[in-house]
Amino acid sequence: MTEPLLEVKGLQAWYGESHVLHGVDLTVHKGETVTLLGRNGAGKTTTLKSIIGVIRKRQGQISLKGTNILPLPLHHVAKRGLGYVPEERGIFASLDVHENLMLPPKVAEGGFSLDEIYTLFPNLAERRRSQGTKLSGGEQQMLAIARILRTGADVLLLDEPTEGLAPVIVQRIGDVIRALKEKGMTILLVEQNFRFARRVADRFYVMEDGHMIDSFRADELAGRMDSLHETLGL
Amino acid sequence: MATQTAATAVAPAPEAKGTSTRTIALAIVGLLILLAAPFVIYPVFVMKVLCFALFAAAFNLLLGYVGLLSFGHAAFFGGAAYICAYSIKAWNFPPEIAILAGTLFAAALGAVIGYLAIRRQGIYFAMITLALSQMFFFVCLQAPFTGGEDGIQGVPRGKLLGFIDLGDSLAMYYFVAAVFLFGFLAIWRIVNSPFGNILKAIRENEQRAISLGYRVDHYKLGAFVISAALTGLAGAVKAIVFQLASLTDVGWQMSGEVILMTLLGGIGTLVGPVAGAALVVSLENYLATSSFPVPVVIGTIFVACVLMFRRGIVGEINAFLDRKK
């Protein structure tokens, strides 16, 4: 196996005095889609926020392309090629779709052009002059992903991209993620929608109470269903 | 979110995109009013409105588009007025160089105050700017060259570019109108540029802008310095118009007044601060000779505006027109 693109070792994090992550380890290799599974409050979103640096009170090691990014300020982490799409999407409401897409700085070569974005997300092309506030939840999610693709980030961190979306939109987001996989994008996904996750992931990590309790490949999924039923309450 | 400032609590109505026919028509009407105004209204009064309109528009660049509520902008307005007035009176600078000197001083002062203040948000940012501007007020009070309580009086208007006599009130007026237009168009360009979009993104969700890769402190400081420089431009021109630079220009009341103008006109709208400045200056001017207590009247209007028209005059009009679309 090649050197992982993103490697997290012994990651601990705190919300104030509350110790919420207890030594999380994970690796993501180039071109992989890795999914973090777990119940509400297991620490999945906290793991993503700690990796990108939104949560600053943390310990451990986070290596991106072999460089420890833990001490770096958040904007430097983004410029090193880590793209983060938060659960709340973070669309800038006073800007229209086009302006939202033009906003991100280019962090590396290989960022998607506007034509590529509009081909991948035809809805956004139709609504390019619509304000961020006037988009549906699904369109906002697509815009949030598209905006990160513009930067040329090497690794995408997607936090619950299907949260609160209609099934038809969830399917569309799944198609987009698979299209990105085919293009060789590396994705770390947090997801509670297990059906969605099993459609797109190459590997899984399972979290509980801030610990990583299991990891397995997609082809091992059938043999883990009983334990997943118990852990995730499926 | 936690990093949002006071400005976002009164979220501005988003302005229409592009240059619509309505915008062009309004711009032409505005330009015609600007050209005809000195023949209808007392020119010095209109010049005062224009100076304060530029001051409020520059202040709004920071409050309306970055979400930073500065309570110390009088330092830039009054500081530039002092530098401009002193350089004309003591060093015989021509007016254009004196205005440039005042503007550059305001930008430099803005860089210092902004550097110290932008690390904090909300009320803490406002308090730091207030404290630093009060320190500057004290310097102006004590420094020998400012004339203390008397200020710098009898500043000659001089000749613009060596041949346009600004002693002529019509020439002075059109010069002030040109400076106002320059400042206003500069703000319009900034707001509608990629830089302006980044400022709006910072106002809406600073954390998100950082996680996209922007070093937001640099952008906030940039906006602060630009706002300070344009405020200084307004202050320097005002010193020439009134031939006076005084402590009134650097006092905290002046900082409060520009907040009032911006809120009344409409935060985050380009024309709002201009309308707010026109309203406040008109009230001060016309009520000054009446028996009405000016601060009480303005205060009442302010309270009514905050209670009933939180978007301000222009903000409410924009929202009404948007609803009708």
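A residue is called buried if 20 or more other C-beta atoms lie within 10 Å of its own, exposed if 12 or fewer do, and partly exposed in between, with C-beta atoms placed from the backbone. By that criterion eight of the nine residues of α1(A) are buried, so this helix is largely enclosed by the rest of the structure. The model is predicted: local features need pLDDT of at least 70 and side-chain atom pairs count only at pLDDT 80 or more, whereas totals for chains, interfaces and linings use all residues. Residues are numbered from 1 along each chain as its sequence is written, and chains are lettered from A and ligands numbered from 1 in the order in which they are written. Helices (H or I, at least four residues) and strands (E, at least two) are DSSP runs, numbered from the N terminus.

**Hairpin of chain A**

- Strands β1 (residues 6–15) and β2 (residues 18–28) of chain A pair in the antiparallel sense over eight bridges; pairing requires that DSSP find at least two bridges between two strands.
- These strands, β1(A) and β2(A), form a hairpin with two residues between them, and A:G16 in the turn has a positive phi of about 60°.
- A:Y15 has A:S18 in β2(A) as its bridge partner.

**Six-stranded sheet of chain A**

- An open sheet with mixed pairing has six strands in the order β6-β7-β8-β3-β9-β10 (chain A).
- Its edge strands, each pairing on one side only, are β6 (82–85) and β10 (211–217) of chain A.
- Neighbouring strands of this sheet are turned by 15° against each other on average, direction ignored; axes are lines fitted to C-alpha atoms, for helices over the stretch in contact, and angles run from 0 to 180 degrees between N-to-C directions.
- Within the sheet, β7 (residues 155–159) and β8 (residues 186–190) of chain A run parallel and are joined by five bridges, with A:L157 opposite A:L188 in β8(A).

**Helices and local contacts in chain A**

- Helix α1 (residues 44–52) of chain A packs on the sheet, touching β3 (33–37), β6, β7, β8 and β9 (203–208) of chain A, and its direction makes about 145° with that of β7(A); contact between two residues means that their C-beta atoms, placed from the backbone, lie within 7 Å.
- Helix α6 (residues 137–151) of chain A also packs on the sheet, touching β6 and β7 of chain A, at about 170° to the direction of β6(A).
- Among the buried residues of α1(A) are A:K44, A:L48 and A:I52, and just after this helix A:G53 takes a positive phi of about 105°.
- A:N123 is found in helix α5 (residues 122–126) of chain A and counts as partly exposed, with 16 C-beta neighbours inside 10 Å.
- Leaving aside residues up to four places away in sequence, A:N123 touches A:E139 and A:M142.

**Chain B and the interface**

- Helix α2 (residues 21–40) of chain B bends by about 35° at B:L34, with a proline, B:P38, following within four residues; the bend is the angle between axes fitted to the seven residues ending at a residue and the seven starting there.
- One of the 20 residues of α2(B) is buried, so this helix is hardly covered.
- Residues 97–116 of chain B are 100% helix and 0% strand, with end C-alpha atoms 29 Å apart.
- Across the interface, 22 residues of chain A are in contact with 17 residues of chain B.
- On the side of chain A that touches chain B, α2(A) gives the most, with four residues.
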